[in-house]
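Good morning, and thank you for coming. I would ask you to keep the sequence and the structure in view while I speak.

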Amino acid sequence: MTTLQIENVRATLEAGVSELSAVARWSRYGKRDVFFRTTHPLVTSSGAPFVPAILLSAMHRKLDLEVDAPVSDDVIQAARRVAGVFSAWHRGWHLSKVAAASAAAGEMQTPPPANGVAMFFSGGVDSFYSLQKHRSEITHLVFVSGFDIPVRHLAMRQLVTTELRRTAERIGLPLVEVETNLRELSDSVALSWEEQHGAAIAAVAYFLAPAFRKVFVPSTYALPFVVPYGSHPGVDPLWSTKHLDLVHDGIEATRFDKIGALISWDLALQSLRVCYALVEGRYNCCRCKKCLWTMAFLRAHGALAQARTFDKPLDLRALSETTLEKPEERYRFIQAIAMLERRGDDPELVDAMSKPLHRRYALRRNATRSLTRLRQSARASLRRAARECREFVRSQFSSTPREN
Ligand SMILES: [Zn+2]
């Protein structure tokens with residue numbers, strides 16, 4: 001068999017929980033159940049969510065994708081566009097054919113345009129930054145269990161959802177909680193979550209499509225540092241359909257810039273959750289590199305003391321031992337160091353943040369002079385990045401709006 005089949009698509013409602021489930025079947029890996037669950041009343045019963053949920057796994061394993069359930073032509077076309085991008089990015093991935101048993105019936109099932117505007121919300125810096133920008137437009141926040149926190153981690157899920165419910169209530173927006181095990185399927189075929197998570201977001205957006213006309217997806221990287229990646233400003237919008245816009249938001253700012261934009265928002269500072277370490281009982285572990293970097297950026301912006309979800313002191317030694325693998329990660333550090341040096345009031349933090357850069361560029365000899373050159377080149381990059389962002393934003397506003 002060279003096709004990955006999605007079979008037995010079922011929509012059920014029991015005890016207030018809506019579930020959409022299916023069986024993914026292919027010869028080499030047998031079969032796996034995939035589900036989406038929520039207590040939100042408006043969800044699709046079509047096979048559409050399984051297309052983005054499974055597409056990249058099929059491409060990665062050189063299989064075509066066939067859904068034995070109604071899926072609209074809109075969704076099939078979107079999948080073909082996204083498959084084209086990923087096959088161009090990854091040599092060796094199969095440009096999967098995508099088919100549904102009954103595209104016409106899927107079209108019939110497409111609901112009339114909804115009014116809601118949702119944003120995927122994990123409680124992190126990217127989420128709060130986009131929420132701050134679009135607060136007046138957003139009607140719902142969406143949190144997904146099964147993405148960063150595996151479905152089986154019940155205690156951690158409970159800790160995080162309890163805190164996020166409280167945060168959403170203080171913001172004044174309903175929190176739509178979705179649970180899915182789709183990551184288990186992509187993990188099982190060794191497809192990295194970095195590749196898969198954008199399509200996984202699209203899958204959840206399709207699941208909730210009857211309730212929303214637009215869904216914001218907070219960006220991870222700023223425009224000058226965008227690389228082929230699961231959630232991408234050039235890919236997320238390709239999942240848009242006639243009735244649903246997927247908007248990749250926040251590429252004009254690095255994570256350091258985003259924290260700077262949040263320091264006057266007490267609620268964000270008091271609620272931030274960035275940790276991926278899954279340490280039992282800890283909302284932020286204060287030890288993993290994402291915690292350490294966020295705490296360093298908060299301290300550089302003079303706001304660490306207000307960030308009550310980071311309840312341990314910043315470990316400067318641990319910070320100095322982190323590694324900066326990606327260009328934007330290095331760039332954020334350089335931004336922080338440049339700000340701290342201008343202020344001159346925290347040499348210990350400058351020292352701790354300089355060490356990973358020294359190691360990265362092997363600047364053991366003549367380190368100060370080399371780092372100065374690096375900072376000069378970073379400032380030139382910053383000016384270039386700002387210019388590219390301005391041009392990008394201008395091109396977006398001057399283009400003809402897409403019809404819904
Ligand atoms: Zn952590």
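Where does Ala190 lie? Ala190 is found in the loop between α6 (182-188) and α7. Please note before we go on that this is a predicted model. Ala190 is not a glycine, and yet its phi is positive, at about 60°.

In general, two packed helices are described by the angle between their axes and the distance between the axes. For α1 and helix α7 (residues 193-207), the angle is about 160° and the axes are 6 Å apart. The two helices, α1 and α7, are therefore roughly antiparallel to each other. On the α1 side, the contact is made by Pro52, Ala53, Leu55 and Leu56, and on the α7 side by Glu195, Gln196, Ala199, Ala200, Ala202, Ala203 and Tyr206.

How many of its residues are buried? Helix α1 (residues 50-60) is mostly covered, with 11 of its 11 residues buried. Among them are Phe50, Ile54, Met59 and His60. Lys62 follows α1, and its phi is positive, near 60°.

A second pair of helices is α4 and α8. Helix α4 (residues 125-134) packs against helix α8 (residues 255-262) at an angle of about 55°, and their axes are 9 Å apart. These two helices, α4 and α8, are therefore oblique to each other. Their crossing is left-handed. Helix α4 contributes Val125, Asp126, Phe128, Tyr129 and Gln132 to the contact, while α8 contributes Arg255, Lys258, Ile259, Ala261 and Leu262. Here the residues of the contact divide into six nonpolar, one polar and three charged.

The axes of helix α10 (residues 289-300) and helix α12 (residues 327-343) cross at roughly 25° and come within 10 Å. Consequently, α10 and α12 are roughly parallel to each other. Helix α10 passes α12 in a left-handed crossing. In this contact, Ala296, Phe297 and Ala300 of α10 meet Arg332, Ala336, Met339 and Leu340 of α12. The residues of the contact divide into six nonpolar, no polar and one charged.

Where is Arg287 placed? Arg287 is in the loop between α9 (266-271) and α10. With 14 other C-beta atoms within 10 Å, Arg287 is partly exposed. Leaving aside neighbours within four places in sequence, Arg287 is in contact with Ala277 and Ala318. The C-alpha atoms of Arg287 and Leu314 are separated by 8.5 Å, although these residues are 27 apart along the chain.

I now turn to the strands. Strand β1 (residues 3-14) contains Asn8. Asn8 is not a glycine, and its phi is positive, at about 50°. Asn8 has 14 C-beta neighbours inside 10 Å and therefore counts as partly exposed.

In which sense do β2 and β3 pair? Strand β2 (residues 17-26) and strand β3 (residues 30-38) pair in the antiparallel sense, over nine bridges. A hairpin of three residues joins β2 to β3. As a landmark, Ala24 stands opposite Arg32 in β3. Strand β3 also pairs with strand β8 (residues 175-180) in the antiparallel sense, over three bridges. There, Phe36 stands opposite Thr180 in β8.

Strand β9 (residues 212-218) and β10, in turn, pair in the parallel sense over five bridges. The bridge partner of Lys214 is Asp245 in β10. Which side chains of β10 point to the buried face? Along strand β10 (residues 245-249) the side chains alternate: Leu246 and His248 point to one face and are buried.

Key: Residues numbered from 1 in each chain as written. Predicted model: local features only at pLDDT ≥ 70, side-chain atom pairs only at ≥ 80, totals over all residues. Axes fitted to C-alpha atoms, helices over the stretch in contact; angles between N-to-C directions. Helix = DSSP H or I, 4+ residues; strand = E, 2+ residues; numbered from the N terminus. Parallel < 35°, antiparallel > 145°, perpendicular 65-115°, else oblique. Left-handed = near helix turned anticlockwise from the far one by under 90°. Contact = placed C-beta atoms within 7 Å. Nonpolar A, V, L, I, M, F, W, Y, C, P; charged D, E, K, R; others polar. Buried ≥ 20, exposed ≤ 12 C-beta atoms within 10 Å, placed from the backbone. Pairing = 2+ DSSP bridges.
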